[in-house]
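Welcome! Here is a short tour of a structure that may be new to you. Take a moment with the sequence and the 3D view before reading on.

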Amino acid sequence: MNPRVLVITGAGGVGKTTLSAALGVTAARMGLATCVMTVDPARRLASALGLESLDNHPEPVTAQPGLSAAMLDVSASWEAMVHRHAEPEVANRLLQDPFFRALADRFPAAQAYAAGEQMSEHVESRRWDLIVVDTPPAGGGLDFYTAPARMREVVGGRLLRWLTGASIPGRRALYKVTARPALRLADAVLGGPLLEEIAEFLLDLRSLYDGISRRSRAIDLHLREATSIVVTTAEPTPLREARRFFEELESGPGRPETVVFNKQLPESWTVSRNLRSPDIGTDVRIAARENLSRWAAEVRLQHEVKQEFVARYGLHLLEVPWVDRSPTSVDALAELLEGSPELVAHVLGPTSEDR
Ligand SMILES: Nc1ncnc2c1ncn2[C@@H]1O[C@H](COP(=O)(O)OP(=O)(O)O)[C@@H](O)[C@H]1O
Ligand SMILES: [Mg+2]
């Protein structure tokens, strides 16, 4: 049986990496053999997990038995991907190719696709009961879901088919390609060698198609079978990104049905405290009261924002409280979720199949 996969997505800075790690620690303490795949963890969090450098290979976390962690290395994943899908000679040529390097650097889905390949490798290794996947923030997290189809489009898409013919052509077809009128015109402008280089690059890229097509469909399948949660805060910018997520991702299996509001102020802050104690000076009392009422207004506003958001997209609402210190030890990570038993039950409790 494949392991359970939990995909944590959302905009940058909302706490995806922190919550991924916290869920990993909690799951390991529940007895699940767990792997957390992190993306760009803050330095102190990385060292709490024993992650000293980028490495796609999960290593056991010394401080937490049952937990292993990896830190996504995009360029290593990208190279492994090319070697997996191309003949050695073609792979080496592609990895040296400036056009290909530009594609890897600038194509926004590249990083997300590399993370997807890494995820499916961990899923298929069957070493774990649970894999927690932290995702790159590109596109508000959406890129992770759309990257497999976009990669298929890049390596097998219409432009390439038009340039290289319906099937994967041999080297000789390259001359036919460069003989096309549109390209001959470009050739005159850009100069012959450049155009031939581009054509050769496109043919090499095209040869990745079968492998990427198969692999990207496997990633799609793992995503459909995963539990996905979107993390946001109640701030306008992350919320806007989260909204895009629910509006642009087609409904159906794999589409997240849960939103987690992280860094939430405690409801208790809407209640005025008794500030009548005789040892508090009047000026302090006035300042404290003003401060409290400001926070109370903020908590009420956030409450409305959350209710409106979940009602609009028909979502399950979960919350994680704001804590006054970044959790950077396994104990602090576990503590972070102690106030959110609903979240733990939702993502780590028995699945509907188990029940
Ligand atoms: N519930 C929380 N309370 C307080 N700070 C938090 C909370 N969750 C995350 N943070 C802090 O927010 C910052 C961004 O978190 P991080 O997990 O790196 O976000 P992301 O992976 O989404 O970019 C970090 O400094 C982290 O310690
Ligand atoms: Mg992160």
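Of the 16 residues around ligand 1, Gly-15, Lys-16, Thr-17, Thr-18 and Ser-326 come nearest; a residue is near a molecule if its C-beta atom, placed from the backbone, lies within 6 Å of it. This is a predicted model, in which local features need pLDDT of at least 70, side-chain atom pairs count only at pLDDT 80 or more, and totals for chains, interfaces and linings use all residues. Residues are numbered from 1 along each chain as its sequence is written, while chains are lettered from A and ligands numbered from 1 in the order in which they are written.

Helix 1 (16–29) and strand 7 (258–264) each supply at least two residues of the shell around ligand 1, and helix 1 gives the most, with 3 residues. Helices (H or I, at least four residues) and strands (E, at least two) are DSSP runs, numbered from the N terminus.

Now for two helix pairs. Axes are lines fitted to C-alpha atoms, for helices over the stretch in contact, and angles run from 0 to 180 degrees between N-to-C directions.

| Helix pair | Axes | Angle |
|---|---|---|
| Helix 7 (residues 142–156) and helix 12 (residues 209–225) | within 9 Å | roughly 165 degrees |
| Helix 3 (residues 74–85) and helix 4 (residues 88–96) | 8 Å apart | about 145 degrees |

Helix 3 meets helix 4 through Glu-79, Val-82 and His-83, which face Ala-91, Leu-94 and Leu-95 of helix 4; contact means C-beta atoms, placed from the backbone, within 7 Å. Helix 7 and helix 12 are therefore roughly antiparallel to each other, a term for angles over 145 degrees.

Technical notes. Parallel < 35°, antiparallel > 145°, perpendicular 65-115°, else oblique. Contact = placed C-beta atoms within 7 Å.
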